[in-house]
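Let's take a look around this protein together, starting with the overall fold and then moving inside. Keep the structure open as you read.

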Amino acid sequence: MDSELPKDDLELHKAFEIILSIDTFSDYIIDISELIYKNELSRANISLVLQDHKINRIEEIKDELLDLLIVYINLILNDHIITENEKNNIKLLKIYFKIKEGDFYRRR
């Protein structure tokens, strides 16, 4: 399955370039961020990252994925506007990361 994220989304690319320069994330979160940066995010590629890091289910790293999504949201809020494209990117990332309604409130 190919990435459903927009292929020519320069803002998404720039945001994840910044995220990759932040050295506070674990190796597997960096690997997932690289998938997004390279527009290679897919369930199959996420599964490969999880396998490489001996993680059984994506839910095991949900807190760190929430942190990643929060960093992304903060970056796109720098201009005080969330575009329709950015909103769709957030929705897709929530689907890939299996983030459900209430997870932000309960966990972060």
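## The overall fold

Count the pieces first: the chain has 6 helices and 0 strands. Reading from the N terminus, the order is simply α-α-α-α-α-α. Its radius of gyration is 13 Å, close to the 13 Å that the globule rule gives for 108 residues, so the chain is as compact as a globular protein of that length. Keep in mind that you're looking at a predicted model.

If you boxed up the C-alpha atoms along the principal axes, you'd need roughly 40 × 30 × 25 Å. Now for the contacts: take those between residues at least 6 apart in sequence, and 73% of them join residues at least 24 apart.

How much of the chain is buried? Of the 108 residues, 38% are. The largest nonpolar core holds 31 residues, and the members that touch the most others are I36, I61, Y72, L93 and F97.

Let's zoom in on L93. Which residues does L93 contact, leaving aside its neighbours within four places in sequence? They are L5, F16, I36, L41, L69 and Y72. Two of those names, I36 and Y72, are also on the list of core members with the most partners.

## A buried asparagine

Next, find N89, which sits in helix α5. Is N89 buried or exposed? Its relative accessibility is 1%, and buried means under 20%, so N89 counts as buried.

What's around N89? Skipping residues up to four places away in sequence, N89 touches L5, P6, D9, L12 and Y72.

## The largest pocket

Here's a handy idea for finding gaps: roll a probe the size of a water molecule over the atoms, and you see where empty space is left. In this model, the largest pocket has a volume of about 150 Å³.

Its lining is made up of R43, I46, S47, L50, Q51, I55, N56, R57, I58, Y96 and K98. Helix α3 (residues 43-52) gives the most to that lining, with 5 residues. What kinds of residues line the pocket? They split into 5 nonpolar, 3 polar and 3 charged.

Notes
Residues numbered from 1 in each chain as written. Predicted model: local features only at pLDDT ≥ 70, side-chain atom pairs only at ≥ 80, totals over all residues. Heavy atoms only, no water. 1 Å grid on protein atoms, 1.4 Å probe; cavity = no way out; pocket = protein on both sides within 12 Å on 5 of 7 lines; lining within 4 Å. Points joined across faces, edges and corners; volume = space filled by probe spheres on them. Helix = DSSP H or I, 4+ residues; strand = E, 2+ residues; numbered from the N terminus. Nonpolar A, V, L, I, M, F, W, Y, C, P; charged D, E, K, R; others polar. Core = buried A, V, L, I, M, F, W, Y, C linked by side-chain atoms within 4.5 Å. Buried < 20%, exposed > 50% of the residue type's maximum accessible area, 1.4 Å probe, protein only. Contact = heavy atoms within 4.5 Å. Rg over C-alpha atoms; globule rule 2.2 N^0.38 Å.
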